Amino acid sequence: MKKTVFISLLVIFCSVRLAAQELYSHRVGNNEVILLSEGEGEGDTGILIDATPNIIETYAPDGTFPMATNVFLVKRHGKNILIDTGYGRKLFENLAALGLNPEDIHEIMLTHMHGDHIGGLLKDGQRAFPEARLIVSKAEHDYWTSTEQMNLLPEDKRGNFRQAMEVVEKYGEDVQLIDPLKIEEVPARCGIHPVEAYGHTPGHIGFMIVCGTDRMLVWGDLAHAMAVQMPHPEIAVTYDIDPETAVKSRLYILRYVSSNNIPVAGMHIPYPALGEITGEGTGYVFTPFD
């Protein structure tokens, strides 16, 4: 069962264009997964690594591709769980449209700690979700809170480290570190299980939502340029800290979800951001839900 709830939103994404956004709801067993869009726009093919002129001409002839920034809310067993928080641009308005206050959020699960995923965690320098537990992979936490790693970068490139460190400081004892599973190891028991998807960042993970025989993978930033990276999943982006590992993760997960008919949701997939993956030749096709 799927339904769409419309609200009027105007969002600037990457200073590209204004777009009216929608909330979108999909059920995974007795879990309700709701897209909270932060906005849509166009990404530049300049971020693509090793995309040939022929690939660009075929899949992004104007030098751009559709892109989005998304957050997902999971409502299960009376709990409200956020997966990422985006930039925080429209997050609180989207939650209010669903009748939720920041105090109503019980857990926040992070796919990784880039600024467009943790931006909504703080408001006016304080934690925006006073009752929430923050869940992050240990590898991700250890990377972004490492002064040694931060000092490898020039002073003007350390902002993401400082932002992540501030988040960890403000959430204090409410930060829970986890070790993810390989995707084929996800148990059949109902829950939200962390899944390895390393490469984009050292501790980048997805979350498999399981309820009975129903499953869905929220894959974080496994792909940024769907129009290009589905037919050519071997193409990485400049945002990937370890492009080679990011490609390996994408290839493995795409093969797994397509073979096992597992729907996916992604933080940079345009509306409705949820759909199905099927194989086609040496690549894949993403078919969004209606």
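How exposed is Glu155, in relative accessible area?

Mentor: Glu155 is partly exposed, with a relative accessible area of 49%. The scale runs as follows: buried means under 20% relative accessible area, exposed over 50%, and partly exposed in between, with a 1.4 Å probe and protein chains only.

First, the ground rules. This is a predicted model, in which local features need pLDDT of at least 70, side-chain atom pairs count only at pLDDT 80 or more, and totals for chains, interfaces and linings use all residues. Residues are numbered from 1 along each chain as its sequence is written, and side-chain values use heavy atoms, with hydrogens and water left out.

Now the partner of Glu155. Its side chain meets that of Arg158 in a salt bridge, at 3.0 Å from N to O. The term covers a side-chain nitrogen of Lys or Arg within 4 Å of a carboxyl oxygen of Asp or Glu. Side chains of opposite charge can pair when their charged atoms come close. Arg158 is buried, at a relative accessible area of 14%.

Step back to the whole structure. A search of it finds eight salt bridges. Another one pairs Glu93 with Lys90, their closest N and O atoms lying 3.3 Å apart. Glu93 is partly exposed, at 43% relative accessible area. Lys90 counts as buried, at 16%.

Asp174 and Arg127 also form a salt bridge, with 2.9 Å between the closest N and O atoms. Asp174 sits in the loop between helix H6 (159–171) and strand S13 (175–178), and Arg127 in strand S11 (residues 126–127), so the pair ties together parts that are 47 residues apart in sequence. Helices (H or I, at least four residues) and strands (E, at least two) are DSSP runs, numbered from the N terminus. Asp174 counts as partly exposed, at 31% relative accessibility.

Last, the cysteines. The structure holds zero disulfides. Cys190 is in no disulfide, and its nearest cysteine sulfur, that of Cys211, is 3.8 Å away. Cys211 is likewise in no disulfide, its nearest cysteine sulfur being that of Cys190, at 3.8 Å. A disulfide here requires a pair of cysteine sulfur atoms within 2.5 Å. Cys190 is partly exposed, with a relative accessible area of 42%. Cys211 is buried, at 11%.
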